Amino acid sequence: MKKNRMIKAANAGARGTKYRRKPVRGAGTRAAAAPPGARQVVRRLKAELAAAQARIAELTALAERDVLLDIFNRRGFARELHRSIAFIKRYDATGALIVLDVDHLKPINDTFGHAAGDEVLKAVAGVLSEVVRSSDVIGRLGGDEFGVLLWHLSEADARAKAAELEHAIDSLSFTFDGQTVHAGASAGVAVLDRRVNPVRALEEADRAMYVRKAQRRHEARA
């Protein structure tokens with residue numbers, strides 16, 4: 001009987017006791033100490049990352065600039081055109097694209113050298129920068145072709161601005177090897193609205209520019 005009571009007491013005690021795992025010293029109560037010099041390594045890596053990101057931004061900007069003229073190249077100008085048309089469609093704004101082709105640049109290059117042609121291009125870029133507003137965008141689309149992106153103006157105002165740009169560039173004169181020469185420019189206009197897309201806008205302005213160039217040649221012969 002005594003033995004049975006001892007067995008029952010032991011069983012009862014076992015049922016009433018919950019199992020508890022002995023905690024491991026230091027586990028979950030304190031973070032592992034950082035190795036010596038870890039903070040300095042982290043700071044150095046952050047500085048290197050910031051420098052790399054700045055360099056990437058610099059190279060991206062250079063990839064969108066014309067090295068000779070320090071204005072947008074075709075890639076940078078196309079990006080600005082896409083952005084502007086997106087803004088126009090969203091806010092129902094207005095704008096215009098002017099494409100200009102510099103006249104007589106090839107004969108100047110052939111006769112006086114590419115340094116002379118570069119001087120002409122720099123002068124044309126300077127005229128564009130002076131005549132348009134600071135909010136407008138200019139770029140070199142390639143060779144002797146320039147683009148001008150104008151904000152918040154009517155079609156009539158855009159065509160008047162194109163004529164003003166033509167006149168300003170026509171008025172430039174250059175002296176190479178004792179000879180005075182003129183370049184000139186022909187401008188085509190495309191109106192930017194909610195219905196247009198960047199590719200079509202460039203094509204439309206380019207076609208208008210070639211029509212204008214043919215018209216100017218006809219006027220010069222008359």
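Modeller: Let's begin with surface: accessible areas come from the Shrake-Rupley method with a 1.4 Å probe, and for residues only the protein chains shown count as cover. For the chain that gives about 14,900 Å², of which 55% belongs to carbon and sulfur atoms. This is a predicted model, where local features need pLDDT of at least 70 and side-chain atom pairs count only at pLDDT 80 or more, while totals for chains, interfaces and linings use all residues. Residues are numbered from 1 along each chain as its sequence is written, and side-chain values use heavy atoms, leaving out hydrogens and water.

Colleague: What makes a residue count as buried, and what percentage of the 222 residues do?

Modeller: Buried means under 20% relative accessible area (exposed is over 50%, partly exposed in between; 1.4 Å probe, protein chains only). By that test, 35% of the 222 residues are buried.

Colleague: Which elements does the chain have?

Modeller: Seven helices and six strands. Those are DSSP runs numbered from the N terminus: H or I of at least four residues for helices, E of at least two for strands. Their order is α-α-α-β-α-α-β-β-α-β-β-β-α.

Colleague: What makes 34 residues a nonpolar core?

Modeller: Such a core is a set of buried Ala, Val, Leu, Ile, Met, Phe, Trp, Tyr and Cys residues joined through side-chain atoms within 4.5 Å. The largest one here has 34 residues, and Ile98, Leu100, Val120, Leu128, Phe146 and Val148 have the most contacts inside it. Helix α5 gives the largest share, seven residues. Apart from it lies another core, of 19 residues, including Ile85 and Leu192.

Colleague: Which residues does leucine 128 contact beyond its neighbours within four places in sequence?

Modeller: Contact means heavy atoms within 4.5 Å. On that basis leucine 128 touches Leu100, Ile138, Phe146, Val148, Leu165 and Ile169.

Colleague: Why is the pair of phenylalanine 174 and phenylalanine 176 called stacked?

Modeller: Rings of Phe, Tyr and Trp (its six-membered ring) pair if their centres lie within 6.5 Å; planes under 30 degrees apart are stacked, over 60 edge-to-face, the rest tilted. Here the centres are 6.0 Å apart and the planes at 5°, so the pair is stacked. Both residues are buried, too.

Colleague: How do you know that arginine 65 lies over the face of phenylalanine 72?

Modeller: A charge sits over a ring if NZ of Lys or CZ of Arg is within 6 Å of the ring centre and within 35 degrees of the ring normal. Arginine 65 is at 5.1 Å from the ring centre of phenylalanine 72, and is listed as lying over its face.
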